[in-house]
Amino acid sequence: MKENCFYSGVRKVVADRIVSGSNPDKRDDPYKLGLVVEGGAMRGVITGAQCAALQALNAFDVFDGIYSISAGSYAALYFASGNPEWGTSIYYDYLDDKKFVNFGSLLKGRDLLDIDYLVDVTKTAVVLNRDKVTERAFLLKNYILSANDGEMHEVSPVNDGRIDLILNCAPRMALLTTPVRANGRSFLDGAVVEGSLALNQAIADECTHVLVLLSKPEGQQFKSPRMSDWFTYQLLKRKFPELADKCRYSGENYNKILHKLYLSQNDLNYHPRIDSVSIPGSKKTISRWETRRNILLQGAKDGFESVMDAFYPYRLPINPEVKIVE
């Protein structure tokens with residue numbers, strides 16, 4: 001069956017499943033459809049908004065697996081909760097000042113990011129519906145990184161403890177934040193190894209079709225070598241030698257992952273079928289450390305529109321109540 005099932009386009013599979021009312025308990029096609037949600041620190045506002053647009057299209061149930069790393073895990077959790085538009089608003093309503101990103105804290109020997117504050121926002125201000133998340137946990141595949149050996153660990157949000165582990169680890173950048181201790185290991189944001197894109201994990205899970213939500217503008221995804229990567233490697237080598245070896249070529253690893261995406265988009269014989277949605281190339285890349293509300297809000301609007309534009313040809317019904325919250 002697999003030999004014959006790849007040639008339907010990814011977006012068409014998504015659209016057909018929406019129209020037919022497909023859900024994980026009842027599929028009318030032979031495909032395994034995955035959704036990969038990219039992170040990228042504050043750029044997660046874009047993929048969060050893309051998830052909100054998929055919610056407006058009533059698309060959650062069409063996916064057989066949702067794969068995420070870093071800030072993408074926050075977007076995935078709020079998507080599963082049924083309110084991704086509210087989760088997206090966290091970026092520009094609660095993280096747009098020094099309460100979360102504070103470079104001055106590094107000079108005082110503290111973490112750059114106040115993860116405790118962020119997690120508290122999900123519990124008190126923009127409340128994550130944990131009951132809904134646990135109901136849909138079988139679809140969610142969130143990945144965090146063990147600083148002890150540089151290996152990725154899949155965490156499914158089956159209970160409050162697992163949800164807290166994801167929320168605490170997903171944004172916890174190496175060297176800039178203190179690792180989380182759990183089960184005798186130290187955990188961090190997995191993006192430091194191969195970027196915040198869990199495409200390899202979706203492929204390993206035998207998805208036949210994968211939709212990738214990208215947080216950078218079209219054509220601006222590939223990474224160039226940076227001096228900061230070398231410094232990161234040198235610093236990690238002292239603290240987490242096993243992790244340092246895995247991170248040494250993180251930019252190159254990320255580019256290899258993107259290459260699979262572009263191969264699939266340009267070769268109908270490439271398996272699995274992979275497609276992506278990104279904001280227009282004319283837009284500027286949002287910095288990982290962006291805190292200006294207007295920039296973050298515009299990023300959310302652009303992300304939402306990118307998905308609506310991608311599925312416009314299919315004339316799908318749209319829930320007008322799901323929109324970017326200003």
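Which residue just after α1 takes a positive phi? That is G21, with a phi of about 75°.

Before going on, the ground rules. This is a predicted model, in which local features need pLDDT of at least 70 and side-chain atom pairs count only at pLDDT 80 or more, while totals for chains, interfaces and linings use all residues. Residues are numbered from 1 along each chain as its sequence is written, and side-chain values use heavy atoms, with hydrogens and water left out.

On confidence: pLDDT is the predictor's own confidence in each residue, from 0 to 100. The chain has a mean of 90, and 95% of its residues reach 70 or more. Residues 1–6 stay under 50, and for them the model has eleven contacts beyond four places in sequence, a contact being heavy atoms within 4.5 Å. Where pLDDT is low, the predicted coordinates should not be read in detail.

Back to α1. Helices are DSSP runs of H or I with at least four residues, strands are runs of E with at least two, and both are numbered from the N terminus. I call a residue buried under 20% relative accessible area, exposed over 50% and partly exposed in between, using a 1.4 Å probe and protein chains only. In α1, V10, V13, V14, A15, R17 and I18 are buried. The buried residues of this helix pack against β1 (33–37), β7 (209–213), β8 (273–277) and α14 (293–311). V19 also lies in α1, which spans residues 10–20, but V19 counts as exposed because its relative accessibility is 65%. V19 and F60 are 41 residues apart in sequence, and their C-alpha atoms are 13 Å apart in space.

Next, the core. A nonpolar core here is a set of buried Ala, Val, Leu, Ile, Met, Phe, Trp, Tyr and Cys residues joined through side-chain atoms within 4.5 Å. The largest has 80 residues, and those with the most contacts inside it are L35, L54, F63, I66, F100, L213 and F311. A second, separate core of 18 residues includes V36, Y143, L258 and I274.

Now the cavity. How many cavities of 30 Å³ or more does a search of the whole structure find? It finds one. The largest cavity has a volume of about 230 Å³. A cavity is a set of points, on a 1 Å grid over the protein atoms alone, where a 1.4 Å probe fits but cannot get out; lining residues have an atom within 4 Å of a point. Of the 25 lining residues, A41, A71, Y91, L95 and L118 are the closest to the centre. The helices α2 (44–56), α3 (71–81) and α4 (84–94) each supply at least two lining residues, and α4 gives the largest share, five.

A41 sits in the loop between β1 and α2, and has a positive phi of about 60° although it is not a glycine. A41 counts as buried, because its relative accessibility is 14%. N58, also not a glycine, has a positive phi of about 60°. N58 lies in the loop between α2 and β2 (65–69), and is exposed because its relative accessible area is 61%.

Last item: the peptide bond from H271 to P272 is cis, with omega near 0°. P272 is found in the loop between α13 (250–266) and β8.

Key. 1 Å grid on protein atoms, 1.4 Å probe; cavity = no way out; pocket = protein on both sides within 12 Å on 5 of 7 lines; lining within 4 Å. Points joined across faces, edges and corners; volume = space filled by probe spheres on them.
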